Amino acid sequence: MVEARAAPGAAVISSRRLHLGARLLNAGVGARFLLPQTASPGAQLPPLRPPLLLDTRDLGFVQSAALLVELAAQRPVIPTIVLIDPDDVALRVILPICPAIYAVLADTEDLQLLGPLIRLGGLCGADRLHDVEPYWVGVPPIQRPPLSLDELEILVAMSGAENIDDAVERSRMARRTFYRRLARLRTSLGLPPATYGTRIEELVTSMITALARLSHGLPAGDGIPPHA
């Protein structure tokens, strides 16, 4: 554990504790590393003192998206800085959906920038985060998120499910609501409707691929098999 609350500091969720811990220490940033909770689907955030530094570099899209959904539901809001791989375009698309995120920093940038960003979170305050656009450093924002938080919840529920029935149960939505939001999600991504018999892994993969293509301004469904 690297702890220095006299200096700018944050709670940190990362799968790169040794590597990132050394960088934060060199940057003069205090850090308390925490492990995501995995006892039950949808409950990953441990108790923490804000702000939160969420290192998505090696978490992968699915776990990062699940954490964003959970952060969006937290009350009070947890002011969050996201550390991101600048080449992870699909994740860049969904970051603005989460109102807890007030800053996004490319992992390729000098982490000494975290000090001013942590202080920025204190200036914003949890009560104002819903009205604050994320501040992006080292990577350009995606101008228009193509999906809503409700739709992201559908994608997260499907990502950890064995089949559609399991996804409906994980989402805790009425079946009709789930299918309506799934149809809206695929339409917003330029994908054909989900068809009976299509494996859930194929549905999820096609949607994540479409997110990345949208960020490049390409037709989302280009190159996606018609049955996906």
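A crossover is called right-handed if, when the strands point away from the viewer, the path from the first strand over the helix to the second runs clockwise. In this predicted model, E1, H1 and E2 make a β-α-β unit of that right-handed kind. The points below are grouped by topic.

**Strands E1 and E2**

- The pairing of E1 with E2 is parallel and runs over five bridges.
- Within this pairing, Val12 stands opposite Phe33 in E2.
- Strand E2, which spans residues 30-34, is mostly covered, as four of its five residues are buried.

**Salt bridges**

- The model contains 10 salt bridges.
- One of them joins Asp55 to Arg16, with the closest N and O atoms 2.9 Å apart. This pair links distant parts of the chain: Asp55 belongs to strand E3 (residues 52-55), Arg16 lies in the loop between strand E1 (9-13) and helix H1 (17-26), and the two are 39 residues apart. Both Asp55 and Arg16 are buried.
- A further salt bridge connects Arg181 with Asp150, and here the closest N and O atoms are 3.7 Å apart. This pair also links distant parts of the chain, since Arg181 is in helix H7 (residues 175-188) and Asp150 is in helix H5 (residues 149-159), 31 residues apart. Arg181 has a relative accessible area of 18% and therefore counts as buried, the limit being under 20%.
- Glu201 and Arg199 form another salt bridge, their closest N and O atoms being 3.6 Å apart. Glu201 is partly exposed, with a relative accessible area of 41%. Arg199 is likewise partly exposed, at a relative accessible area of 49%.
- Salt bridges with shared partners join Arg16, Arg23, Asp55, Arg57, Asp85 and Asp107 into one network.

**Aromatic pair**

- How many aromatic pairs does the structure hold? There is one.
- Phe178 and Tyr179 form this pair, with 5.9 Å from centre to centre and 85 degrees between the planes. The arrangement is edge-to-face because the angle of 85 degrees is over 60.
- Is Phe178 buried or exposed? Phe178 is buried, because its relative accessibility is 0%.
- Tyr179 counts as partly exposed, at 38% relative accessibility.

**Second largest pocket**

- The second largest pocket holds about 280 Å³ of space. Its lining consists of 15 residues, and those closest to the centre of the pocket are Ile164, Tyr179, Thr195, Tyr196 and Gly197.
- H7 and helix H8 (200-215) each supply at least two residues of the lining of this pocket.
- Which element gives the largest share of the lining? That share, three residues, comes from H7.

Terms used: Residues numbered from 1 in each chain as written. Predicted model: local features only at pLDDT ≥ 70, side-chain atom pairs only at ≥ 80, totals over all residues. Heavy atoms only, no water. Salt bridge = Lys/Arg side-chain N within 4 Å of Asp/Glu carboxyl O. Buried < 20%, exposed > 50% of the residue type's maximum accessible area, 1.4 Å probe, protein only. Phe/Tyr/Trp six-rings, centres within 6.5 Å; stacked < 30°, edge-to-face > 60°. Pairing = 2+ DSSP bridges. 1 Å grid on protein atoms, 1.4 Å probe; cavity = no way out; pocket = protein on both sides within 12 Å on 5 of 7 lines; lining within 4 Å. Points joined across faces, edges and corners; volume = space filled by probe spheres on them.
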